Amino acid sequence: MLIVVALVLIVLGSIVFHLLSPWWWTPIASNWDYIDDTLVITFWITGAVFAAIVLFMAYCVLKFRHRPGHKAEFDPENKRLEWWLTGVTAAGVAAMLVPGLFVWKQFVTVPEEATELEVFGQQWSWAYRLPGADGVLGTADAEWVNGENPLGVNPHDRFGKDDLIVEGGEIYLPVDQPVKLLLRSIDVLHNFYVPEFRAKMDMVPGMVTYIWFTPTRTGNFEVLCAEYCGTAHPFMRGYVTVVEAEEYQEWLQEQLTFEEYASNARAAQPVQLAEN
Amino acid sequence: MVDRGSDDRMQLPPREVADVMPPHAHSWIGKYVFSQDAKYIAIQYSGTAVAIGLVALVMSWLMRLQLGFPGTFDFITAEAYYQFVTMHGMIMVIYLLTAIFLGGFGNYLIPLMVGARDMVFPFVNMLSYWVYLLAVLVLVASFFVPGGPTGAGWTLYPPQAVLSGTPGGAQSGIILMLVSLILFIIGFTMGGLNYAVTVLQARTRGMTMMRLPLTVWGIFTATVMALLAFPALFVACVMMLFDRLLGTSFFMPTLVELGEKLSYGGGSPIAFQHLFWFFGHPEVYIVALPAFGIVSDLIAVHARKNVFGYRMMVWAIVIIGALSFIVWAHHMYVSGMHPWFGFFFATTTLIIAIPTAIKVYNWVLTLWKGDIHLTIPMLFALGFIVTFVNGGLTGLFLGNVVVDVPLSDTMFVVAHFHMVMGVAPIMVIFGAIYHWYPKMTGRMLNEAMGQIHFWVTFIGAYAVFFPMHYVGLVGVPRRYFEIGEPEFLTAPVDGLNAFISSAALIVGAVQVLFLFNIFWSLRHGRKAGGNPWRAASLEWHTPETPPRHGNWNELPDVYRWAYDYSVPGAPEDYLAQNDPWVPDGEERRL
């Protein structure tokens with residue numbers, strides 16, 4: 001009979017743990033509260049199913065445990081019951097899938113007004129590139145990477161010359177402005193992950209991936225790498241600082257363009273360049 | 001109506017394979033080393049799988065020591081941690097679970113349950129084990145080469161798997177890993193062909209497909225799936241080996257590694273992921289379907305009741321097997337593949353929940369109005385249902401593409417797949433060992449030790465993996481050597497991690513008691529007799545226990561399905577499959 005008690009306690013314990021748990025997702029800072037809602041729906045449906053099945057099982061074990069003289073019923077099939085259960089399950093699955101796909105459609109459809117910005121990953125740091133005055137990001141490829149061009153901006157592309165290069169792992173974003181992040185890596189897989197934004201996506205060398213979101217509150221949010229990328233994976237951190245539009249413009253003025261960056265790099269390493 | 005054999009007045013079907021006694025070995029080596037007897041090969045497979053599984057268990061301890069008590073153990077460096085993560089995962093999934101379900105239970109049970117004398121190709125069956133052993137040895141060798149084993153994660157994603165930022169990537173670790181997998185697949189294919197052909201061709205007279213015990217259905221379907229899925233992994237391993245050794249670029253684009261430009265170009269890392277998961281997702285069910293089948297039989301025998309909805313159970317196994325080949329990219333929602341794939345794979349993934357749920361309902365409905373004997377196998381079966389339902393339901397979070405986005409690559413995923421394909425199938429393995437040990441040895445496993453083993457394992461494993469979901473929910477990524485105390489944590493996870501680690505150490509430790517029980521009971525266990533559980537399926541009705549080489553005197557004729565328990569009017573509460581009993585006044589039918 002211990003097992004009946006254990007089954008009931010597992011259900012009760014799990015529910016109590018869930019309700020009292022201080023470990024819950026961090027307060028959201030983007031437009032993806034739909035994701036949180038879908039997650040909550042899923043919690044309710046699955047939680048109810050779990051409790052129902054385990055408690056029913058506990059009841060069966062209690063009621064139909066072996067006693068002298070007791071005999072099981074011979075009952076091979078019950079088509080009606082089986083189809084009925086199948087139908088209810090299908091309905092429950094649809095109740096989770098349909099809103100899920102609806103939100104996914106939004107997740108992968110970037111709004112027209114989103115500004116573009118490149119996130120650049122390499123073992124084990126983050127950098128960023130913003131379009132310059134022309135509003136267009138120049139092309140880039142691992143092919144072009146060298147000491148004065150760490151992000152591999154195409155030096156022959158006129159759109160790239162005024163791109164802003166942001167090293168040091170911290171990027172500013174204006175609040176309430178949708179942003180499309182173009183994700184690029186030059187060595188291994190990484191994943192741009194800010195828990196407060198909910199969105200995350202792998203960065204794959206050889207291709208450019210994307211996510212979009214709208215930051216909805218100002219603050220300083222930590223960037224983590226969520227795709228195992230080698231020994232220092234957990235230490236690949238950065239920051240996204242979400243600020244008001246004016247502050248963002250001020251910050252933008254301080255950033256170096258690709259041209260300025262390259263000439264600074266040349267000035268700093270004359271000897272090495274001569275050897276090259 | 002279920003094919004119980006009581007309605008159809010069929011003629012005896014002809015034997016599909018002539019009754020040929022497999023060749024008897026005369027030398028000691030032929031009997032006990034290079035044995036061609038499936039029952040002996042099963043024990044070799046299981047013993048090897050458990051031995052290498054213990055290595056993986058110890059590595060899980062070391063990981064949990066690091067996560068629960070970061071900074072306390074100097075010898076667990078980040079490199080070592082990732083090597084433990086990788087080898088733990090790879091060993092558990094491939095070298096333990098796959099090997100023990102198919103090579104272990106498959107070999108032991110298929111010939112006995114279908115009423116055959118042995119597998120149809122005994123020599124190839126023997127080779128299968130020895131190639132598997134070689135694969136294990138190559139894997140073990142990687143611990144002793146410079147740089148140690150690969151630390152690429154069990155998914156071995158390129159480019160990192162073959163680069164120097166990953167342990168073993170620029171040394172021999174990854175090479176030995178790939179070679180070992182290639183060997184494993186070769187070995188498995190030889191065994192797998194045997195399991196499938198034996199079920200299809202060597203069933204005894206009267207054993208129709210719809211009279212097979214669900215154990216055989218589970219193992220058979222899993223084997224067919226493995227024969228179709230492993231080639232994708234095989235190809236991926238060969239190509240990655242070429243990338244690493246010959247400088248090809250199947251999976252390698254233009255790369256700059258730590259400031260240095262490499263000579264690769266033009267390859268696609270995502271292509272590897274598709275190949276890997278085309279194997280990797282069916283692999284989940286290659287482990288789960290045998291567990292589904294076995295647990296159905298455990299529940300029926302120990303609840304003295306027929307499996308509820310047998311035909312639905314068979315179709316659910318087959319449908320799950322088929323669907324599992326079109327869900328693989330749900331492992332890749334945030335991989336950077338085309339986002340429109342998300343719609344398709346989320347839909348197929350959630351559809352697979354329906355046949356899976358049917359199986360759960362039918363297990364529970366088998367208990368309904370049963371005569372439930374709370375034996376150790378039954379306890380483990382109940383433990384399986386709890387952990388499987390729990391792990392299956394969290395799959396609905398991760399399969400529903402947009403819900404997966406925040407949870408993907410967090411500890412929530414780790415908790416989910418451990419519950420559903422770690423704890424749950426292992427519960428079944430334990431239950432199955434307690435159930436069939438008497439047939440294999442003639443003695444029962446010790447009940448008291450079994451009780452302790454069950455309770456500590458069941459409650460302990462739940463205590464490990466249930467709270468772990470919340471470590472992921474709060475945002476902690478998986479494969480983090482240490483998380484520190486970033487600001488996004490709504491509460492520190494240190495205490496919770498220490499709790500999980502402590503529970504994991506205890507659960508691991510009690511397995512030693514289980515191993516002790518296995519050896520102790522060989523001599524001191526209660527004598528079992530031929531059919532201690534009063535079970536109906538054929539393996540319990542061999543003339544000798546343990547069954548000798550060739551299994552039967554004369555091949556048994558089968559008159560009914562494997563679930564005639566508590567049949568009204570029958571002299572006992574079970575009717576063996578080869579029992580020709582009919583109710584009084586009716587004529588004997590075949």
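Modeller: Two residues are said to be in contact if their C-beta atoms, placed from the backbone, lie within 7 Å. By that criterion, 83 residues of chain A and 97 residues of chain B form the contact between the chains. The model is a predicted one.

Colleague: Which helix gives the largest share of the side of chain A that touches chain B?

Modeller: That is α3(A), with 14 residues. The elements giving two or more residues to this side include α1 (2–20), α2 (33–63) and α3 (79–108) of chain A, and also strands, among them β9 (219–225). By class, the side has 50 nonpolar, 18 polar and 15 charged residues.

Colleague: Why are α2(A) and α10(B) called roughly parallel?

Modeller: Angles under 35 degrees count as roughly parallel. α2(A) and helix α10 (residues 353–367) of chain B pack at about 20°, their axes being 9 Å apart. The two helices are therefore roughly parallel to each other. Their crossing is left-handed.

Colleague: What makes the contact of α2(A) with α10(B) nonpolar, polar or charged in its classes?

Modeller: From α2(A) come A:Ile53, A:Phe56, A:Met57, A:Cys60 and A:Val61, which meet B:Val360, B:Val364 and B:Leu367 of α10(B). Ile, Phe, Met, Cys, Val and Leu count as nonpolar. The contact accordingly has eight nonpolar, no polar and no charged residues.

Colleague: Why is α2(B) described as roughly antiparallel to α15(B)?

Modeller: The axes of helix α2 (residues 38–68) and helix α15 (residues 494–524) of chain B cross at roughly 160° and come within 8 Å. Angles over 145 degrees count as roughly antiparallel, which makes α2(B) roughly antiparallel to α15(B). Here, too, α2(B) passes α15(B) in a left-handed crossing.

Colleague: Which residues of α2(B) and α15(B) meet?

Modeller: Among those of α2(B) are B:Trp61 and B:Arg64, and among those of α15(B) are B:Asn497 and B:Gln511. By class, this contact has eight nonpolar, seven polar and one charged residue. Arg counts as charged, and B:Arg64 belongs to the contact.

Colleague: How is chain A divided into domains?

Modeller: Domain 1 covers 2–65 + 79–108, and domain 2 covers 115–275. Their centres, taken over C-alpha atoms, are separated by 40 Å. Eight residues of domain 1 are in contact with 13 of domain 2; on the domain 1 side, five are nonpolar, three polar and none charged.

Technical notes: Residues are numbered from 1 along each chain as its sequence is written. Chains are lettered from A and ligands numbered from 1 in the order in which they are written. This is a predicted model: local features need pLDDT of at least 70, side-chain atom pairs count only at pLDDT 80 or more; totals for chains, interfaces and linings use all residues. Domain bounds come from an automatic or database domain assignment. Helices (H or I, at least four residues) and strands (E, at least two) are DSSP runs, numbered from the N terminus. Axes are lines fitted to C-alpha atoms, for helices over the stretch in contact, and angles run from 0 to 180 degrees between N-to-C directions. Angles under 35 degrees count as roughly parallel, over 145 as roughly antiparallel, 65 to 115 as roughly perpendicular and the rest as oblique. A crossing is left-handed if the near helix is turned anticlockwise from the far one by less than a right angle, and right-handed if clockwise.
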